Amino acid sequence: MHTSDVNFLHITCALSCLIVKVLEESDKPILLRCFDNHVFSCESYSHELGNLTEFNNPDGWEFQQELQESYGQVVKVHGLFGRRELFVFDPAALHSILVQDQDIYEPPETLLCLNGLLLGKGIFSTANDDHRRYRKIMTPAFSTANLRGMIPLFYEVAERARDGLIAPTVIDAPQTIDMNSILCRTSLEFIGCAGIDYSFDPMLPGKEQTDRYSQALKAMLPTAYKMQPAFPLLPFVAKVFFLSFLRRIINFIPLPALHELRDIVDFTYAIPAELVQNRKAAIEKGGPATDNDHKSIMSLMMKSNASAESAMHMTDKELVAATSMIILAATDTTSSAMNRMLHILAMYPDVQEKLRSEILAAPEHLDHDTLTVLPYLDGIVHEILRLAMADTVLPLSKPITGLDGAHMRSIKITKGTSIHVAIAAGEDALEFKPERWTNDKADSVTTKISGVYGNILTFIGGGRSCIGFQFAQLEMKVVACVLLRSFKFSAPDPRIQWRKTGLTTSPYIDNQSALPILVERLKTRLAHV
Ligand code: HEM
């Protein structure tokens with residue numbers, strides 16, 4: 001089964017664009033055991049913006065694919081004002097960057113500063129020990145035991161989407177529905193309810209989603225990226241100016257995008273700040289704020305404030321930053337993956353029917369452990385999330401040849417070089433094969449690349465890997481179980497194109513974000529809708 005027409009593989013990272021920066025001069029990091037290929041330099045670029053335009057272009061994934069196909073395992077690309085950057089596909093190099101030598105590769109300071117100015121101090125705006133501290137505080141909230149407790153919430157949200165957003169439209173006859181808007185609302189509501197115990201959207205029939213907080217968060221990064229050429233100044237700005245002074249200066253700079261961004265930042269601070277205060281007050285009174293409260297990620301994180309270890313305590317500001325960061329990290333990424341899933345299922349009726357049979361043979365409400373082991377569902381979700389199968393990517397063991405003709409087994413990386421981590425590669429990378437995941441086949445590949453499981457880099461790997469990958473997989477599984485029991489999906493609009501939007505990809509038709517799919521109610525199977 002080939003899906004080049006869907007280009008379904010590209011789901012990218014939450015916030016940091018998968019660029020890391022080398023912190024020390026070193027011969028060590030990139031050990032390339034590649035065949036006699038060249039470190040090619042990408043020829044076409046602008047002197048000011050380098051290759052940024054190509055990377056940020058809605059069709060930027062094609063550019064990355066072209067780089068890999070035309071040049072090889074390591075490509076020299078151009079950053080802002082002619083800076084040398086590397087694009088790396090080689091699995092041994094990726095392992096070195098993400099796992100083995102991760103301490104000498106960190107996200108660029110500009111990016112950490114940007115995230116810090118927009119969201120506050122937290123997991124997305126810090127490096128080294130600070131980052132490790134935030135990760136240590138947040139990790140227990142994503143434990144299997146806690147995820148088990150969240151499953152009923154996931155079902156409650158998916159069923160509200162089914163009953164409020166889809167069923168009323170298809171009650172009499174099949175209809176073409178924009179599933180993108182429904183899945184975006186659903187994924188936000190998932191993280192709202194299970195993440196911070198806050199309902200963004202009642203998901204009632206005929207009502208548009210109007211939550212201003214989520215819309216402001218969504219607009220934050222695209223608005224900031226309008227000022228990307230000024231990003232190199234951010235570390236200086238963050239070091240020299242107090243935030244309160246900076247805020248005052250902004251009022252006098254005649255840049256509409258900057259003012260827009262200031263208002264977004266103010267607004268997105270207010271809601272989590274209120275949530276944190278309410279939760280603290282409830283805890284002080286001795287009980288949870290609501291019935292679900294004790295299960296949400298936020299309240300689980302707040303538990304660390306009772307820890308005897310003071311480094312595990314979070315200030316109110318840190319909790320506010322963590323709230324916004326979790327919502328940003330969890331929303332577009334998951335809705336993009338769920339969109340892919342429905343698009344693929346609508347394109348391949350046999351796959352959809354096979355999955356529906358497995359779901360119908362199981363009880364209607366599954367617990368965590370059953371959701372993790374339904375084999376075909378598991379294969380589909382892994383396959384949708386898969387980005388690269390490294391064992392087929394690169395011939396190994398031979399040195400690389402530099403532009404000067406010299407053979408190299410390693411490349412000297414100068415301090416400050418930015419490295420782009422390639423997350424989609426592989427000979428059969430564009431083929432949709434859920435079967436490759438059955439019986440743990442994917443884990444038996446020979447060349448390991450450091451992802452969180454089974455040789456994929458969808459969630460990156462190492463110390464900055466996605467903390468919510470199991471949360472996301474469970475959301476996708478619950479959505480598949482609830483929707484496939486009730487509806488049949490078919491005839492996706494052939495004009496749907498997957499485009500890079502900010503940091504993830506979304507389905508588009510004529511420059512509008514949309515995933516029109518024909519939805520039919522399965523009457524015999526759904527008495528209650
Ligand atoms: C299909 C859905 C998802 C995808 C593809 C995804 C992907 C990623 C990637 C690639 C990173 C690394 C970013 C970087 O280093 O620049 C990341 C980090 C992160 N993700 Fe996810 N993510 C998803 C869902 C979620 C969810 C549902 C949550 C929370 C509930 C979450 C929370 C986080 C956090 C907190 C980090 C930062 C980890 C750190 O820096 O230590 N993600 N995610």
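UniProt, in an unreviewed entry, lists Cys466 under "binding site". UniProt positions follow the numbering used here, feature names are shortened, and annotations may be inferred rather than shown by experiment. Residues are numbered from 1 along each chain as its sequence is written. The model is predicted: local features need pLDDT of at least 70, side-chain atom pairs count only at pLDDT 80 or more, and totals for chains, interfaces and linings use all residues.

Cys466 sits in the loop between strand E11 (418-421) and helix H17 (469-486). Helices (H or I, at least four residues) and strands (E, at least two) are DSSP runs, numbered from the N terminus. Cys466 counts as buried because it has 20 C-beta neighbours inside 10 Å. The cut-offs are 20 or more other C-beta atoms within 10 Å for buried, 12 or fewer for exposed, and partly exposed in between, with C-beta atoms placed from the backbone.

H17 is mostly covered, with 15 of its 18 residues buried.

Three strands form an open sheet in the order E13-E14-E15, with antiparallel pairing. E13 (497-501) and E15 (512-513) stand at the edges with a single partner strand each, so one side of each is left without a neighbour in the sheet. E14 (residues 504-509) pairs with E15 in the antiparallel sense over two bridges. Pairing requires at least two bridges found by DSSP. Ile509 stands opposite Gln512 in E15.
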